[in-house]
Amino acid sequence: MNDTVYLLGFLCAIAIGFWLGRRDKRKKIRKSKERLSKEYFIGLNYLLNEQTNEAIDTFIKALETNPDSQETFDTCIALGRLFCKRGEVDRAIRVHQSLLARPSLTKKQSLIVQLELSRDYYSAGLLDRAEGLLTQLVEVNAGFQTEALELLLAIYQQEKEWLLAIEIGEKLLKNNVVEFSCLIAHFYCELAEEQVVKSNITEARQHLKQALKYDKQCVRASIVLGKLEYNQGNLKESLKALQKIYNQDPDYISESIQLLEALRTEHSGSIQKSVNSYLQKCLKDYPSVAVVMSLAKEIEMKQGAKEAGKFIAEQLARRPSLRGLNQLIDIHIGIAEGKSKKNLGLLRELTRKLADGKPLYRCINCGFSGQELHWQCPSCQHWGEVKPIHGVEGQ
């Protein structure tokens, strides 16, 4: 009996000790998590207040508290992004590489770190390393394929690997990312322009056909095709391509004026009539300074400078334009004499100074402006967003 009581007492002591030990351990874990959670949110608060240095210090402290928790993983990811955002890409790479080396990572966590590390490599200009990681992520296809493909696309654009960029773009289309059809069209235009330089006209036409297949509204393809057909002596095909701009995006009609004028002045007959008829249609529906100036040239050639000046003055009354005013002054200088001609010359010099340096194109996405048309914005890297400026100082 005494032995039984002793045994029971011994077992109870073990149970109580085990329970107390478990409770103490749970308390320590809970306190650790509470401390980590507190530091984590303090770090986030610093971030929201743009106190980056304080946020980094807090996150590093949190990492030392509990190195294997989900919160620590999230903190490492956030810390790496912080370093990358600050331009400290080497530190971001070290954070993500050390995280990737942990054996406790789940498969999903490992893939997340690989994606972050590929972003670090891309930011550092280590495109080969980034490409290698991203290719693996695409093959795994574990929920990160779209992000990996988009970053791969950025790499191939930077390297001007247009065929590879098209391949990635087509994969994104299969993932129902429809907006990439426009990008693919521009990639085909890039290939077409390369073939034009090499005088491979057949290949260039095929690329432009593909561009319009992916994006019927691709103005760039129509402009390039118009130039190509003109240089090949296919005047009707050239005009047909340029006239598509009217329905694709009339903001770019001004970009086709120079070629339309070449078609009109160098070739008489039906081509000339078709060009003038098209320009009149553009003037009615989508008026711009370029269209007005082109029609004024035709009027001056056929009816004289006074009629051309009258036409420009009428259009300026409806749509004031510095470029239009310059053209009107030029016409009057040509027919003026004596003091009037001198005064007009002074006025023309003043308007020239006002026009000099004014941007002709602006990106509707980021606001970048410049004197040249870029199909890919140098600032935000978006395609097809840089357009001719319209208004008093533009078209």
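Contact here means heavy atoms within 4.5 Å. Helices (H or I, at least four residues) and strands (E, at least two) are DSSP runs, numbered from the N terminus. This is a predicted model, in which local features need pLDDT of at least 70, side-chain atom pairs count only at pLDDT 80 or more, and totals for chains, interfaces and linings use all residues. Residues are numbered from 1 along each chain as its sequence is written, and side-chain values use heavy atoms, with hydrogens and water left out.

**The chain as a whole**

The protein chain holds 19 helices and three strands. Of its 395 residues, 42% count as buried; buried means under 20% relative accessible area, exposed over 50%, and partly exposed in between (1.4 Å probe, protein chains only). Among contacts between residues at least 6 apart in sequence, 50% join residues at least 24 apart.

The pLDDT is the predictor's confidence in each residue, from 0 to 100. Its mean over the protein chain is 80, and 74% of the residues reach 70 or more. Over residues 1–21 the pLDDT stays under 50, and the model has one contact beyond four places in sequence for this stretch. Residues 27–36 also have a pLDDT below 50, with ten contacts in the model beyond near neighbours in sequence.

**Helix α14 and its neighbours**

Helix α14 is largely enclosed by the rest of the structure, because seven of its ten residues are buried. These are Ile-257, Leu-259, Leu-260, Glu-261, Ala-262, Leu-263 and Arg-264. The buried residues of α14 pack against α11 (219–231), α12, α15 (270–285) and α16 (289–303).

Two packed helices are described by the angle between their axes and the distance between the axes. For α12 (residues 235–243) and α14 (residues 257–266), the angle is about 150° and the axes are 11 Å apart. Axes are lines fitted to C-alpha atoms, for helices over the stretch in contact, and angles run from 0 to 180 degrees between N-to-C directions.

From α12, Leu-235, Ser-238, Leu-239 and Leu-242 meet Leu-259, Leu-260 and Leu-263 of α14. By class, this contact has six nonpolar, one polar and no charged residues. Ala, Val, Leu, Ile, Met, Phe, Trp, Tyr, Cys and Pro count as nonpolar, Asp, Glu, Lys and Arg as charged, and the others, Gly among them, as polar.

**Helix α9 and what follows**

Helix α9 (residues 180–197) has 18 residues and spans 26 Å from its first C-alpha to its last, close to the 26 Å expected at 1.5 Å a residue. The expected span is 1.5 Å times one less than the number of residues. Of the 18 residues of α9, 13 are buried, and the helix is mostly covered.

Ser-199 is found in the loop between α9 and α10. Thr-202 lies in α10 (residues 201–214). Thr-202 and Ala-192 are ten residues apart in sequence, and their C-alpha atoms are 9.5 Å apart in space. Thr-202 is partly exposed, with a relative accessible area of 48%.

**Two residues with positive phi**

Gln-381 is placed in the loop between β2 (369–370) and β3 (386–388). Neither Ser-199 nor Gln-381 is a glycine, although each has a positive phi.

| Residue | Phi | Relative accessible area |
|---|---|---|
| Ser-199 | about 65° | 56%, exposed |
| Gln-381 | about 70° | 42%, partly exposed |
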